[in-house]
Amino acid sequence: MKVYVYDLPPRFNIEWLSNERCSKHLFASEVAIHRALLKSDVRTRVRTAIWRRYGGDRRFYLRRHRFAGYQSEIVRSTFCLCPLGWAPWSPRLVEAVALGCVPVIIADGIRLPFPSAVPWPEISLTVAEADVDKLGKILEHVASTNLTSIQRNIWDPQVRRALLFHDPILEGDATWQVLVALSEKLDRSHRRSRVLTQ
């Protein structure tokens, strides 16, 4: 039995889901996912568009690589861009929320983690990949209308708990959410296998 903790946007699942080796070996499926992303322009297209359009714009603080103290830049920022990258997930999304920065998700079709515990529409912005050229105007509009509400929601202790791992595990924390998600997947898988065997 295999359980996938995260999902790619559907257009990237076709190749590796049809690969028999991937259906039996988790490592093979991980390699196939990353190969699919590396072969596609998905990981660079949006980032390149952002860099070209906003690299010289003083409102945007863009860096190509992490650097010592990057968390302090997140804390000082109002919005944190979270485009799809090398993998279908990014620690930047959770870092942004944990450090009080509004995540701006730029990844068409992505399925965000723990939707039953994290009200993503209330704590983040989603911008279509095709709208990257309008990003400056979109962020200005949000900053002048409902930014305060989004920032208040980010600091909700239950939201923050759902995205962070604790040792020991706390009810409702990220480990808890992973176990709930796995339980739901197993339940669906079990029901499906019972229907097929009848």
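Start by selecting P168, which you will find in the loop between α10 and α11. Helix and strand names such as these come from DSSP runs (helices are H or I with at least four residues, strands are E with at least two), numbered from the N terminus. You are looking at a predicted model, where local features need pLDDT of at least 70 and side-chain atom pairs count only at pLDDT 80 or more, while totals for chains, interfaces and linings use all residues. Residues are numbered from 1 along each chain as its sequence is written, and side-chain values use heavy atoms, with hydrogens and water left out.

**Stop 1**

Most peptide bonds are trans.

Now move to I169, in the loop between α10 (157-163) and α11 (174-197). Is I169 buried or exposed, or in between? With a relative accessibility of 48%, I169 is partly exposed. (Buried means under 20% relative accessible area, exposed over 50%, and partly exposed in between, with a 1.4 Å probe and protein chains only.)

Areas come from the Shrake-Rupley method with a 1.4 Å probe, and for residues, only the protein chains shown count as cover.

**Stop 1: zoom out**

Show the whole chain as a cartoon. How many helices and strands does the protein have? There are eleven helices and three strands, and along the sequence they follow the pattern α-α-α-α-α-β-α-β-α-β-α-α-α-α. Of the 198 residues, 36% are buried. The accessible surface of the protein is about 12700 Å², and 56% of it belongs to carbon and sulfur atoms.

**Stop 2: the sheet**

Select the three strands. They form an open sheet in the order β1-β2-β3, with parallel pairing. β1 and β3 (125-126) are the edge strands, each pairing on one side only. Two strands count as paired if DSSP finds at least two bridges between them; β1 and β2 run parallel and are joined by five. To see one of these bridges, pick L81 and its partner in β2, V104.

Next, bring in helix α8 (residues 135-145), which packs on the sheet and touches β1, β2 and β3. The direction of α8 makes about 140° with that of β1. α9 also packs on the sheet and touches β1, β2 and β3, its direction making about 100° with that of β2. Such angles run from 0 to 180 degrees between N-to-C directions, using axes fitted to C-alpha atoms, for helices over the stretch in contact. Contact itself means heavy atoms within 4.5 Å.

**Stop 3: helix α6**

Colour L93, E95, A96 and V97 in helix α6 (residues 91-98): these residues are buried. What do the buried residues of α6 pack against? Their neighbours are α5, β1 (79-83), β2 (102-106), α7 (120-123), α9 (147-154) and α10. Just after α6, click on G100, which has a positive phi of about 80°.

F114 also has a positive phi, about 55°, although it is not a glycine. Most residues other than glycine have a negative phi. Look for F114 in the loop between β2 and α7, where it is buried at 16% relative accessible area.

**Stop 4: charged pairs**

Show the charged side chains. Side chains of opposite charge can pair when their charged atoms come close. A salt bridge here is a side-chain nitrogen of Lys or Arg within 4 Å of a carboxyl oxygen of Asp or Glu, and by this rule there are four.

- **R76 and E73:** their side chains form a salt bridge at 2.3 Å, N to O. Both lie in helix α5 (residues 70-76), three residues and about one helical turn apart. R76 is exposed at 59%, whereas E73 is buried at 18%.
- **D57 and R59:** this salt bridge spans 2.6 Å from N to O. D57 is buried at 17%, and R59 is partly exposed at 48%.
- **K134 and D131:** the closest N and O atoms of this salt bridge are 3.4 Å apart. K134 is partly exposed at 48%, as is D131 at 24%.

To finish, select D57, R59 and E140 together: salt bridges that share partners join these residues into one network.
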